[in-house]
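Please open the model in a viewer and keep the selection panel at hand.

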Amino acid sequence: MASTRCKNSSCFIPEELVFKILILLPGISILRCKSVCKTWLSIISNPQFIQTQLIESHKKQPSSVLRVRDESIYVDTRENSTLLCELPSFTWLILIVCSCNGLVCVGGLRGYDICLGNPMTRRFKKVPPPSEYADCENALLGFGFDDISNDYKILKISEFPEEDDDDSVICALQAEMYSVNDDSWKKIGIPETLTYFPISRSVCLNPKGSRFLYFEGKYELLSFDLHNEVFRVHSYPIPPLQLQLRKSYVMDFEGSVAMFFNESTNDGSAPSLWTLNEVLGNWSCTKEFNLDDGLNVIRAPLTIFQTEYNETLVSLKGFEQLE
């Protein structure tokens with residue numbers, strides 16, 4: 001069993017033990033440990049270590065929030081806010097941010113300029129522009145991991161205003177998907193029933209360990225399977241006429257898609273948390289719990305400019321170190 005000598009000491013530490021100790025450290029601390037000695041650098045740079053550290057990060061609740069301001073990316077904890085990196089080579093204003101496995105996908109106006117990278121290691125790449133739809137009215141970005149194909153993918157949904165038969169303006173949807181493995185975009189078919197699906201907010205959720213992306217619709221929830229490339233609509237658990245009682249963005253609750261709603265009670269209304277889950281191919285909504293009646297305004301902390309974040313060392317082909 002290999003071992004490494006402690007600096008200024010005659011003792012030896014087995015590399016297996018060093019591996020296990022380093023895995024337990026926060027991501028930023030692991031990066032600092034790369035400078036201790038060549039042996040530690042070799043351990044931390046090993047693909048097996050990076051994969052194990054990713055698995056360990058999934059076991060933990062996100063301890064920080066990734067926040068974007070202008071072209072700067074910060075990580076916020078309960079104690080402080082730290083600038084991780086700046087993207088000086090990109091002159092566009094960041095408007096969309098998604099996160100998966102410690103990687104982030106950030107996009108500019110209309111989702112045309114897109115960048116993918118790891119802010120913890122400060123390694124990024126600019127994604128080739130989508131083939132079409134540059135002149136869309138609005139764009140949504142979703143980013144996640146297809147564990148079956150072992151591929152990270154970006155979904156772009158573009159909205160285009162169109163006039164209906166009665167001269168009213170509606171938004172038609174078109175979609176493209178980018179594959180990191182292929183380094184290219186392709187068109188994704190949208191069922192005719194979803195051609196005019198009204199998106200509510202530019203928020204995408206990718207639950208930890210899931211290959212599904214979720215977008216908030218005005219009256220229903222829209223999901224996309226990154227592997228099978230299939231869209232699906234899920235009804236909200238309350239009647240459409242009461243949807244103005246939503247009190248949160250779509251969020252991740254213990255690995256499930258969740259939202260807060262206000263429900264009518266004898267004393268007025270009370271917030272309740274509902275989750276969307278799949279059992280044997282069937283999807284259903286389940287009420288998890290009610291909150292105190294006094295908490296009549298509940299909002300999730302996430303906006304399109306920030307996302308929950310787990311620190312990892314994941315790097316992909318084409319990533320380059322920022323200066």
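Select helix H1 and display its side chains: the buried residues here are Val 18, Leu 22 and Ile 23. Because these residues cover an arc of only 130 degrees around the axis, they lie on the same side of H1; the arc is taken from the directions from the helix axis to the C-beta atoms. Buried means under 20% relative accessible area, with exposed over 50% and partly exposed in between (1.4 Å probe, protein chains only). Helices (H or I, at least four residues) and strands (E, at least two) are DSSP runs, numbered from the N terminus.

The model is predicted: local features need pLDDT of at least 70 and side-chain atom pairs count only at pLDDT 80 or more, while totals for chains, interfaces and linings use all residues. Residues are numbered from 1 along each chain as its sequence is written, and side-chain values use heavy atoms, with hydrogens and water left out.

Next, select Leu 22, Ile 44, Phe 49, Leu 66, Ile 73, Leu 87 and Phe 124, the residues with the most contacts inside the largest nonpolar core, which has 26 residues. Among the elements that each supply at least two residues of this core are helix H1 (15-23), helix H3 (38-45) and strand E4 (72-76). A separate second core of 20 residues includes Cys 105, Trp 185, Val 314 and Leu 316. A nonpolar core is a set of buried Ala, Val, Leu, Ile, Met, Phe, Trp, Tyr and Cys residues joined through side-chain atoms within 4.5 Å.

Then move to Gln 53, in helix H4 (residues 47-58). Is Gln 53 buried or exposed? Gln 53 is buried, with a relative accessible area of 4%. Its contacts (heavy atoms within 4.5 Å), not counting residues up to four places away in sequence, are Ile 23, Ile 30, Glu 311, Thr 312 and Leu 313. A polar atom of the Gln 53 side chain lies 2.9 Å from the backbone oxygen of Glu 311, and this side chain reaches the backbone nitrogen of Leu 313 at 3.3 Å.

Finally, display Phe 143, Phe 145 and Tyr 152, which form one aromatic cluster. Rings of Phe, Tyr and Trp (its six-membered ring) pair if their centres lie within 6.5 Å; planes under 30 degrees apart count as stacked, over 60 as edge-to-face and the rest as tilted. The Phe 143 and Tyr 152 rings are stacked, with centres 5.9 Å apart and planes at 25 degrees. Tyr 178 and Trp 185 form a tilted pair, 5.5 Å centre to centre with 45 degrees between the planes.

Note on methods
Polar contact = N/O pair within 3.5 Å; in protein donor to acceptor, adjacent residues only side chain to side chain.
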